[in-house]
Amino acid sequence: MHFSIPDTEEVKEGSTSYTIYNIYVNGVFHCKARYKQMRLFHDELKKEFGALALPEFPKKKLLALSAVEIEQRRVMLERYIQLVSQDPQMGNSSVFNTFLLTAQQESQIEEAERVSLDTFLMNGHKITISLMSTDQTEDVLEAVAQQIEIPDDFVHYFGLFLVRKEEDGDNSIVRRLQEFESPFLSLKAASKAGVHRIVLRKGYWDASYDDDLLDNKVTMNLLYVQANSDLDRQWVLATREQLAHLGNLRKKGSKREFLRLARTLKYYGYMQFKPCVTDYPQAGTRVIVASGQRELNFRVQVDGLIKEGSFKITRMRCWRITTVYPNADENSPKSSSQESQLELSFEYLMSRDHLQWISIISDQAMLMSMCLQNMVDELIMKKQGKRFKKPQDRLNVKNGGPFKQLSREHSYGVEPPSQTRHYSSDRQPEDQSAINRAMDSVKKLSGKGGQKPDQSIMENDAFEGIGDDDL
């Protein structure tokens with residue numbers, strides 16, 4: 001998730017005044033917070049994780065702040081929440097989720113009340129549920145699943161996504177909704193900046209998980225609906241003969257056979273992003289990026305020809321999100337009023353001894369980053385033989401049961417992403433030698449040795465497990 005604080009507000013109450021910082025998630029307003037609220041949030045994180053684990057927090061000042069000092073504090077608070085959110089333990093903690101959920105409720109002056117919420121499938125079919133306005137994302141997902149009778153084993157194969165209707169009539173995915181927010185409130189806030197809706201989509205990337213869903217009528221139909229939508233949007237590519245065959249299967253109502261054929265098509269199961277710009281193979285190259293099947297796929301136009309390349313997640317050492325100011329003087333200070341763009345950069349192992357940074361400038365850069373992280377989480381989950389969580393697992397968490405450790409788990413229900421793993425001397429992982437070789441190579445290539453890694457960079461656990469055969 002990309003958190004930003006692009007602006008502030010001055011609020012007057014009688015003879016006193018204070019500054020409000022507006023917090024956005026992936027460019028959509030989420031909540032307002034005062035400095036003292038964020039200071040309390042920082043103190044709670046410090047109690048749980050220790051002061052050394054936290055980024056720098058702006059110091060409290062006794063006198064009123066000038067406009068310049070307010071801007072400096074805004075920049076520091078924005079940096080702080082970005083770094084905290086990128087830490088897998090802190091970003092998935094109850095402290096983090098509670099702060100953002102509470103701030104969201106207070107910002108919209110929302111008392112918990114019974115409301116109706118419309119959730120849509122990819123074909124526009126509407127599912128209306130009754131819920132409390134402050135219910136969190138997974139509560140809403142499970143309520144939707146219960147209404148359309150998704151079996152408990154398969155509920156968390158799916159996710160809720162915030163989708164925006166563009167001016168050209170197309171729909172673009174803004175982000176996957178997280179546990180730190182109320183979907184009802186997030187939709188309410190997003191709708192002030194255009195037409196948005198909440199959509200139910202499958203939440204995994206490995207198409208082999210489809211096999212688990214094909215024997216259930218409800219889940220198979222959800223796959224069928226999404227496959228048709230992706231074909232219509234040309235996210236999935238097919239020849240005329242394949243399209244004709246799919247059309248015949250659609251007329252016959254042969255959904256299982258339709259899906260089996262669809263799974264053989266190019267880009268099945270990928271998420272495609274809006275056209276953007278990359279510096280590979282050269283600066284200013286127009287590109288269509290798609291994520292899926294453990295890779296980022298590039299389609300670029302070079303010398304009038306469309307060329308394709310793929311970047312495997314197991315060869316990305318790390319990635320980061322930065323804000324760039326294309327029209328600004330390098331030596332001038334940046335302010336919230338300047339036009340900015342998001343840039344996703346990843347360090348890629350091009351060959352055995354060569355790491356290269358590749359950048360993408362896109363307003364969907366944070367969504368791409370989330371997709372990368374989810375693919376990594378899923379790959380690790382599969383390698384470790386773990387499963388998607390079930391609604392009863394969350395119930396055990398809430399009741400303090402034997403699944404208490406799940407309270408910090410990522411959206412896939414596995415251990416937090418990018419977390420350092422510790423192994424006892426008598427129990428080494430099977431691929432430990434491959435991990436050691438890869439990490440030694442990384443230290444030599446990056447020149448960082450034992451230095452503390454840049455906190456703004458998302459390290460990739462899947463990279464640690466690559467062996468010589470993968471290169």
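**Note on the predicted structure**

1. Phe-161 counts as buried, at 5% relative accessibility; buried means under 20% relative accessible area, exposed over 50% and partly exposed in between, with a 1.4 Å probe and protein chains only. This residue is placed in strand β6 (residues 158-165). Helices (H or I, at least four residues) and strands (E, at least two) are DSSP runs, numbered from the N terminus. Contact means heavy atoms within 4.5 Å. Gly-203 is 42 residues from Phe-161 along the chain, and the C-alpha atoms of the two are separated by 9.2 Å.

2. The model is predicted: local features need pLDDT of at least 70, side-chain atom pairs count only at pLDDT 80 or more, and totals for chains, interfaces and linings use all residues. Residues are numbered from 1 along each chain as its sequence is written, and side-chain values use heavy atoms, with hydrogens and water left out.

3. On the overall fold, the protein has 13 helices and 17 strands. Of its 471 residues, 50% are buried. Among contacts with a separation of 6 or more, 60% are between residues 24 or more positions apart.

4. The largest nonpolar core holds 88 residues, and Leu-200, Phe-298 and Phe-346 touch the most other members. Helix α10 (residues 365-383) supplies the largest share of this core, eleven residues. A second, separate core has 26 residues, including Phe-41, Leu-45, Met-90 and Phe-99. A nonpolar core is a set of buried Ala, Val, Leu, Ile, Met, Phe, Trp, Tyr and Cys residues joined through side-chain atoms within 4.5 Å.

5. Residues up to four places away in sequence not counted, Phe-298 touches Thr-278, Val-287, Ile-288, Val-289, Lys-307, Glu-308, Gly-309, Phe-311, Phe-346, Ile-358 and Ile-360. Ser-369 is in helix α10 and is buried, with a relative accessible area of 5%. Apart from neighbours within four places in sequence, Ser-369 is in contact with Trp-319, Ile-321 and Leu-344.

6. Helix α1 (residues 35-49) and helix α3 (residues 94-107) have axes that come within 10 Å and cross at roughly 160°. Axes are lines fitted to C-alpha atoms, for helices over the stretch in contact, and angles run from 0 to 180 degrees between N-to-C directions. The two helices are therefore roughly antiparallel to each other; angles under 35 degrees count as roughly parallel, over 145 as roughly antiparallel, 65 to 115 as roughly perpendicular and the rest as oblique. In this contact, Gln-37, Met-38, Phe-41, Glu-44, Leu-45 and Glu-48 of α1 meet Val-95, Phe-96, Phe-99 and Glu-106 of α3. By class, six residues are nonpolar, one is polar and three are charged. Ala, Val, Leu, Ile, Met, Phe, Trp, Tyr, Cys and Pro count as nonpolar, Asp, Glu, Lys and Arg as charged, and the others, Gly among them, as polar.

7. Helix α8 (residues 240-252) packs with α9 at an angle of about 160°, their axes being 8 Å apart. This pair, too, is roughly antiparallel. From α8, the residues Gln-242, His-245, Leu-246, Leu-249 and Arg-250 meet Glu-257, Phe-258, Leu-261 and Ala-262 in α9. The classes in this contact are five nonpolar, two polar and two charged residues.

8. The backbone has some features to check. Most residues other than glycine have a negative phi, and most peptide bonds are trans. Tyr-267, in the loop between α9 (255-262) and β9 (271-272), has a positive phi near 75° and is buried at 4% relative accessibility. Arg-294, in the loop between β11 and β12 (295-302), has a positive phi near 65° and is partly exposed, with a relative accessible area of 36%. Just after α4, Glu-149 takes a positive phi of about 65°.

9. One peptide bond also calls for comment. Tyr-280 and Pro-281 are joined by a cis peptide bond, with omega about 5°. Pro-281 lies in the loop between β10 (276-278) and β11 (285-292).
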